[in-house]
Amino acid sequence: MLLATAAEARQVTPIQPLNLIAGQPVRITGMDLDFTPELRAELTASEAKAARRRAEAGLAPLDPHSYPSGPRDGALYATMPFKQMFPLVIRDVIRDWKLEEGRPVFLRITLDRYKTADAAIAILLASNSDILEGSVEVVDATTAASLGSFRVKVRNSHGGWGGMLIRGGGIREKLAEEFGLELARHVSGRKRKG
């Protein structure tokens with residue numbers, strides 16, 4: 001995978017158990033992505049940084065209501081607003097996990113927490129984390145019936161100078177990928193991609 005790094009704390013908490021047969025192949029046909037109002041406010045600085053990167057790369061501004069398509073491009077993802085980057089990263093995880101054949105399901109994802117580590121606090125206190133949290137509802141794509149829901153919490157911890165150096169860049173993309181990996185594990189019922 002393009003951005004794979006190990007998260008120190010990943011967690012999936014069922015809200016409503018998934019009504020899927022164990023081992024049954026699933027095909028994720030699409031997703032709706034929404035943010036809580038609090039998260040929209042938190043993303044303001046991140047979105048401005050992505051827009052600056054896009055301008056510095058000489059790329060045209062993106063229509064905020066479109067979803068770019070095309071091949072994987074981790075470097076290009078860093079120049080996209082979160083709402084456009086996140087579905088593309090999830091799409092890449094879905095392809096890697098081969099969740100493109102079987103019972104058709106649709107995902108409704110609501111993200112409610114995003115936080116990036118503060119370098120000064122991580123260096124001084126020797127601990128800080130990048131965090132992405134949200135809920136996922138799995139819906140039968142043919143009947144629109146809910147098949148269950150769960151929460152995903154991704155926490156990548158970084159302590160001291162060393163932790164911040166290892167952390168590197170592409171934080172939003174790494175968090176989105178870890179979220180997608182947890183989602184894929186839970187929906188597929190597998191621990192590894194198939």
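Here is a walk through some of the salt bridges in this predicted model. Side chains of opposite charge can pair when their charged atoms come close. Searching the whole structure turns up eleven such salt bridges, and a few of them are worth a visit.

Start with Glu47 and Arg172, whose closest N and O atoms sit 3.5 Å apart in a salt bridge. Glu47 belongs to helix α2 (residues 44-56) and Arg172 to helix α7 (residues 171-188), so this pair ties together parts that are 125 residues apart in sequence.

Now move over to the strands. Arg151 and Asp112 form a salt bridge with their closest N and O atoms 2.8 Å apart. Here the link runs between strand β5 (residues 146-158), which holds Arg151, and strand β3 (residues 103-115), which holds Asp112, so parts 39 residues apart in sequence get tied together. Asp112 is partly exposed, with 25% relative accessibility. What network do Asp112 and Arg151 belong to? It's a network of salt bridges that also takes in Arg113 and Glu133.

One last stop is Arg95 and Glu100, whose side chains meet in a salt bridge at 3.9 Å, N to O. The cut-off for a salt bridge is within 4 Å, so this pair counts. Arg95 is partly exposed at 37% relative accessibility, and Glu100 is partly exposed as well, at 42%.

Notes
Residues numbered from 1 in each chain as written. Predicted model: local features only at pLDDT ≥ 70, side-chain atom pairs only at ≥ 80, totals over all residues. Heavy atoms only, no water. Helix = DSSP H or I, 4+ residues; strand = E, 2+ residues; numbered from the N terminus. Buried < 20%, exposed > 50% of the residue type's maximum accessible area, 1.4 Å probe, protein only.
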